[in-house]
Amino acid sequence: MLNNIYIDDLIKRAIEEDINYIDVSSDYLIPEDQRNDAYFVAKDDGVLCGLSIAMRVFEIMDDGFSYDAKKSDGDIVHKGDIIVEFSGNTRAMLKAERTSLNIIQHMSGIASITRKAMDLCEGTNATVADTRKTLPGLRSIQKYAVVCGGGKNHRYNLSDAAMLKDNHIDASGGIMQAVEALRSKVGHMTKIEVETRNMEEVAEAVKAGADVIMLDNMSNEEMKEAVSYIAGRAITEASGNVTLSNIAEVAKTGVDIISLGMITHSVKAFDISMKMKK
């Protein structure tokens, strides 16, 4: 679920960035009262995401705008598919075009790569999850796109759960000390995840009662050993150096979660175009 106040604020900031005070091309070329019909068309195969947000850009620019969606978020679309048809003030549509496409292309790119990753994990216990490696100000829509692609959300921010990474552990004197110190302060609803780098740390995390144990940059053989040792006493998460080329083998180690930063921080935009009907 996305907060409408956040969405409108995001869109307005994007429009303000794109239009200083006038659209030189549209405002000087197109009559003020001209209206046109247009549509979005997919230029590739993938998963659609962000359609209602993309349409909201046009609505903010033109209160007479209307649209007829042919697809929904989470749908598989193919090259040549008409995604949505719409009608509105021509100037407003031309001004909104780039911002609208930037949003839907980025979100669809995230959903598409997430679906590819999930497909590669098929037949295993593993689920793909995002990370906090998101673009500033876009975390909500990026994490929403991961869900549309079939993945799961990791913690949204630092307040959601405690994650003890290597620097936390080293600064606290060890896993046991860090977990015990946290347990004495956090509420009973707060989960604690511990990042581990070897089997010695895995054993200490289990003994400390960690809710989630991250297996960081371990080999597949090490992860198999760790999963076997943990034996369901904590949720297991694989992280570090996972790509689409090796995720299938990582999933076969038996881990519960595979967290991927690349599905948000360096994703390729999904190709969608707006076409104006003559």
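Tutor: Residues are numbered from 1 along each chain as its sequence is written, and side-chain values use heavy atoms, with hydrogens and water left out. The model is predicted, so local features need pLDDT of at least 70 and side-chain atom pairs count only at pLDDT 80 or more, while totals for chains, interfaces and linings use all residues.

Student: Why are α8 and α9 called roughly parallel?

Tutor: Their axes cross at roughly 20° and come within 10 Å. Axes are lines fitted to C-alpha atoms, for helices over the stretch in contact, and angles run from 0 to 180 degrees between N-to-C directions. Angles under 35 degrees count as roughly parallel, over 145 as roughly antiparallel, 65 to 115 as roughly perpendicular and the rest as oblique. The α8 and α9 pair is therefore roughly parallel.

Student: Which residues make the contact of α8 with α9?

Tutor: Contact means heavy atoms within 4.5 Å. From α8 come Met199, Val202, Ala203 and Val206, and from α9 come Glu222, Glu225, Ala226, Tyr229 and Ile230. Seven of the contact residues are nonpolar, none is polar and two are charged. For these classes, Ala, Val, Leu, Ile, Met, Phe, Trp, Tyr, Cys and Pro count as nonpolar, Asp, Glu, Lys and Arg as charged, and the others, Gly among them, as polar.

Student: How do you know whether α3 and α4 are roughly parallel or roughly antiparallel?

Tutor: Helix α3 (residues 51-61) and helix α4 (residues 90-120) pack at an angle of about 160°, with axes 8 Å apart. By the cut-off of over 145, α3 and α4 are therefore roughly antiparallel. Their contact includes Leu51 and Phe58 of α3 and Ile103 and Met107 of α4. By class, the contact of α3 with α4 has 13 nonpolar, two polar and two charged residues.

Student: What makes threonine 127 buried?

Tutor: Buried means under 20% relative accessible area, exposed over 50%, and partly exposed in between, with a 1.4 Å probe and protein chains only. Threonine 127 has 19% relative accessibility, so it counts as buried. It is found in strand β6 (residues 127-129) and touches Met118, Lys152, Asp256, Ile257 and Ile258, not counting residues up to four places away in sequence.

Student: How is alanine 162 classed, buried or exposed?

Tutor: The relative accessible area of alanine 162 is 13%, so this residue is buried. Alanine 162 is in strand β7 (residues 162-164). Among the residues that alanine 162 touches are Leu182 and Ile192.

Student: Why is glutamate 222 called partly exposed?

Tutor: Glutamate 222 has 35% relative accessibility, so it counts as partly exposed. This residue lies in helix α9. The C-alpha atoms of glutamate 222 and asparagine 198 are separated by 7.7 Å, although the two are 24 residues apart along the chain.

Student: How do you know that the buried residues of α9 line one face of the helix?

Tutor: The buried residues of α9 are Met223, Ala226, Val227 and Ile230. Seen down the axis of α9, they fall within an arc of 100°, so they line one face. The arc is that of the directions from the helix axis to the C-beta atoms. On the other side of α9, Glu221 and Ser228 are exposed.

Student: What makes helix α5 mostly covered?

Tutor: Eight of the 10 residues of α5 (residues 139-148) are buried. Among them are Ile141, Ala145 and Val146. The buried residues of α5 pack against α1 (4-18), β2 (46-47), α3, α4 and α11 (262-265).

Student: What is there to note about the phi of asparagine 241?

Tutor: Most residues other than glycine have a negative phi. Asparagine 241 is not a glycine, yet its phi is positive, about 60°. This residue is found in the loop between β10 and α10. At 65% relative accessibility, asparagine 241 counts as exposed.

Student: Where does asparagine 217 lie?

Tutor: Asparagine 217 lies in the loop between β9 and α9. Its phi is near 55°, a positive value in a residue other than glycine. With a relative accessible area of 44%, asparagine 217 is partly exposed.

Methods:
Helices (H or I, at least four residues) and strands (E, at least two) are DSSP runs, numbered from the N terminus.
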